[in-house]
Every structure is written in structure tokens, then in C-alpha cells.
Amino acid sequence: MFWDKPLETIDCRSLQILQLDRINTALERIAATPGYKSFYDSKKYKIKPLSSLEQMKDLPFTTKQDLRNSYPSGFLVTDMEKVVRMHSSSGTTGIPTVIYHTKNDIDNWSSLIARCLCMIGMSDKDVFQNMMTYGMFTGGLGLHYGAEKLGAMVIPAGAGNTERQLKFIKDFKTTVVHITPSYALHVSEIIEQRNLLDGLSLRIALMGAEPYTEATRLKLEERLRIDVINSYGLSEMNGPGVAFECLEKEGMHVWEDNYYVEIVDTKTGMPLPDGEEGELVLSAINREAMPILRYRTHDLAFIYPERCACGRTHRKISRIKGRTDDMFIIGGVNIFPSQIEEVLMKLPQVGSNYVIILSKKGSLDKLSVRIEVNPDLFAGDLRHLTQLKETITRKLREEILINPTIELVEPGSLPPSQGKAVRVIDNRDKTV
Ligand code: ADP
Ligand code: ZN
């Protein structure tokens, strides 16, 4: 189903004309805002209208640090009176950045979300429980207004308080939830343990805000007998609604009429062709209060070179492999937490939570993984635990090429996450 068929299936040429026009409008408004213009002056870039999208690559990048430097409102290009809301990033990697929205911006953002929800078959018949944190975090209000625009019944539950969440899901016959993958693993485990599934009406979980792997998706889909849909966004680009999976479940459509998308080489910053993995660079080209051009997301992905079978022409990005700043180096090997997660979640004996701990022994880096396992393993023969430990060690060594220390723990013994999970604890500067 389409929310806005002409725009969702726009032909390539018309899309490019629209993008160029929007980028030039943004540049014009930036040039007229002294604070914002001074940023481009400092980069020795003279703002002028682009004659083709080809010239986008000559624009300097913007970074989280640039936004922090412009705090509280240096990148605002409208009068403050026109602003109706502000949001900020969750601050996963430091001081949060502030984004302002006019009434039109909020309206437009809600339409983008409604487009996403319609794409996966949601309608006004659905009961939508938003289990993301409300407040400054965009996963709360962002999805909320989009789902209302679609006409769904919205339960603004917020994150946490699992007993209450389960009661809502049951009593109000929730059909769609929006939740982080780490919290979903926790909640689904409880549903499974208590055998609650048959009494529920759940059919879809929208999942994003942190990286997760295909194995985690499959585990959750199987456990809850639902579709898990990947949703990607970041507050600098509004929040959710930037890229969303369609029912093909193979990559996320980026709404290119609103976001100009590039993949660049992490080292050289040069654009890479479709199909090659690199850093995602996004431009919010249709925002009144705060256009942001060529923002370095630090997220790693690639663009699918093929057209999608669903009929939408907007290109798709892959599942996010991780943030460049999530990567850690152990004994010279670059490792992403997602590589470890992919191995763990494929094993049925592994439970819902795990944490990676980095430490130092002498001059050597050490990687340990503490993993919750299924309850019956603890009740059963000790040999099974030993075997599982060996299997995990071997499979991880094959994937990350170094020898991990594995510690198996009982389900529920690691602190459950409700928002963005902290998967890596780096104690290397604290241990010897
Ligand atoms: P912060 O940068 O402080 O975490 P945000 O709340 O804006 O603030 O989070 C955006 C980031 O969350 C993205 O840049 C990305 O790293 C991560 N993220 C969001 N959705 C997904 C997703 N579906 N898959 C992987 N990572 C995601
Ligand atoms: Zn599609």
C-alpha cells in the first residue's frame, strides 16, 4: 500500500530535479543566515546554487561536532517564533545536538512516518504501542505523530515497566509495537516463558535506534510469530522515517525526496558507487527550520544497486553494520559488536542478552563475552554448558579471528536494556 504513490514511485529524472531544487533552496537560506554561513566561510566554501547534483560532493561535510559548536541555535535558518518543537539526539557518543522544527517540518516528518507505516501494511485498524522513550528522543514523539496521521490508535507507553507493557499489549489488543531490539529480546523472553503469545494480537514490531543483525530479527520473528521491520533514523535528520524496510525485508528505502543519500569512503570522504560499503552521509533537504547538508552519520552501510520489487523507486540502504565509533580493535583486528551478535543469535541455546568486555592482561588486549543462556541449559547436564562454551568460542574465533573468553550466565542475570543497549564495556585503561 502507498501513502503517496506519485512521490514514492517518482521517476529518477524528476527526483533529481526535485532534489536539486530543494538543495538550492536550502543553500540560499543558509547563505542568508550569518551564523550558518560563517560555518561555510570557515571551510572556505563559497555558497552558490548548484547546477547539478554532481556538485554535491564539493560541499564540505557537517559533523556532530559542528552541530555542537553551533549550540544552541547557530544552524537555525528561520525566526525562533516559527519553531514549534525541538529535539535532541540521545547523546550516545557525547553532548547531545539540538534540532529545531517548524510546524511544516513536523507535519512533513509525520507524513514521512505515515508513508513508512503504510508501506508495511499498517492502517487505521491497527493499535500501535510505542515502547520507545518519549521526551527529547525522537523515537517517541516522531513515531507517535506519524501513526496518528495514519489513523492508528496510539498507546504512548514509553519504554520500560515491562509488566505494564504486557498488560497494555493484552488488554488493548496491540497489533504493532515500536521497540529497540535489545528491549524486544527481553520482553519476548518473558512472553515465551509465561506462554502468553496465544492470547496476543501482535503482528508487527518496528525496530531500530540501535544496530541489530539478521539473526536477531529471525530469532524475534520466530519467538513472537510476527514481522520485524527495520527502521533507521537519527535526530539530526529528524529521527525515525529516514529509511524503512518495505515488505520485501531486504534493505531500507531512503525517502530521497527528503534526504539526499551518499556512501563515502571513511578515510578519504570520496563518494563510493552503489553496492560498496562505507559511511552513510545524509542531507536533510526539505527542512524549513534547519536544513543540514552532507551530515556524516558515522553509520556503515551500502546502497542496493537494484530496484526494489515493491515498486518504490527510492533507493535502499543495507542494514547498518554499526557506527564507525563502535568498532574496537583487539590485537590489531577490527571488530564490530554486530559480528559477535550475528554468531550468538544464530545459536538457539543463547538467550536474550550479552555484553562484550574488553580488558588488558599485561600488554595484551583481552575480549570476553558474557552471555545469557536458555534456562533449561542450567537445569540440565553440565556437559551441555561446556559444549556450548566450546561451540561459541570456536564460531567466534572463526568470525573475529581472535580467541575470546566466554562466560555463560543464567537468563536475567545481565541488566536488561530498555533504550539503547550498552553492548561493549571497555576496561582496557582500567586493567593491567
Ligand atoms: P545518538 O547519535 O546520540 O545515539 P540518535 O538518537 O539520533 O542519537 O541515534 C541515531 C543513531 O542510532 C544512528 O546514527 C544509528 O547509529 C543508530 N540507529 C538508529 N536506527 C538504527 C537501525 N535501524 N539500525 C542500526 N542503527 C540504528
Ligand atoms: Zn521496496
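Student: By class, what residues does the lining of the second largest pocket have?
Tutor: The lining has 15 nonpolar, five polar and 11 charged residues. Here Ala, Val, Leu, Ile, Met, Phe, Trp, Tyr, Cys and Pro count as nonpolar, Asp, Glu, Lys and Arg as charged, and the others, Gly among them, as polar. Keep in mind that this is a predicted model, where local features need pLDDT of at least 70, side-chain atom pairs count only at pLDDT 80 or more, and totals for chains, interfaces and linings use all residues; side-chain values use heavy atoms, with hydrogens and water left out. Residues are numbered from 1 along each chain as its sequence is written, while chains are lettered from A and ligands numbered from 1 in the order in which they are written.

Student: What makes something a pocket rather than a cavity?
Tutor: Both come from a 1 Å grid over the protein atoms alone: a cavity is a set of points where a 1.4 Å probe fits but cannot get out, whereas a pocket is an open set with protein on both sides within 12 Å along at least five of seven lines. Lining residues have an atom within 4 Å of a point.

Student: How much space lies in the second largest pocket, and which residues are closest to its centre?
Tutor: About 570 Å³, a volume being the space filled by probe spheres set on the points, which are joined across faces, edges and corners. Of its 31 lining residues, Gln16, Glu256, Val261, Asp274 and Arg315 are the closest to the centre. Helix H2 (12-31) and strand S10 (259-264) are the elements that give two or more residues to the lining. Helices (H or I, at least four residues) and strands (E, at least two) are DSSP runs, numbered from the N terminus.

Student: What is the strand order in the open sheet of four strands?
Tutor: The order is S10-S11-S12-S14, with antiparallel pairing. S10 and S14 (322-323) are the edge strands, as each pairs on one side only.

Student: How do you know that S12 and S14 pair?
Tutor: Two strands pair if DSSP finds at least two bridges between them. S12 (residues 292-301) and S14 have two bridges, so by that definition they pair. Aspartate 299 stands opposite arginine 323 in S14. Further along, five bridges link S11 and S12, with glutamate 279 opposite leucine 300. S10 and S11 are joined by six, and there valine 261 faces leucine 282.

Student: Why is strand S11 called largely enclosed?
Tutor: Seven of the seven residues of S11 (residues 278-284) are buried, so the rest of the structure largely encloses the strand. Buried means under 20% relative accessible area, exposed over 50%, and partly exposed in between (1.4 Å probe, protein chains only).

Student: Why is asparagine 230 called buried?
Tutor: Asparagine 230 has 5% relative accessibility, which is under the 20% limit, so it counts as buried. Its place is in strand S7 (residues 227-234).
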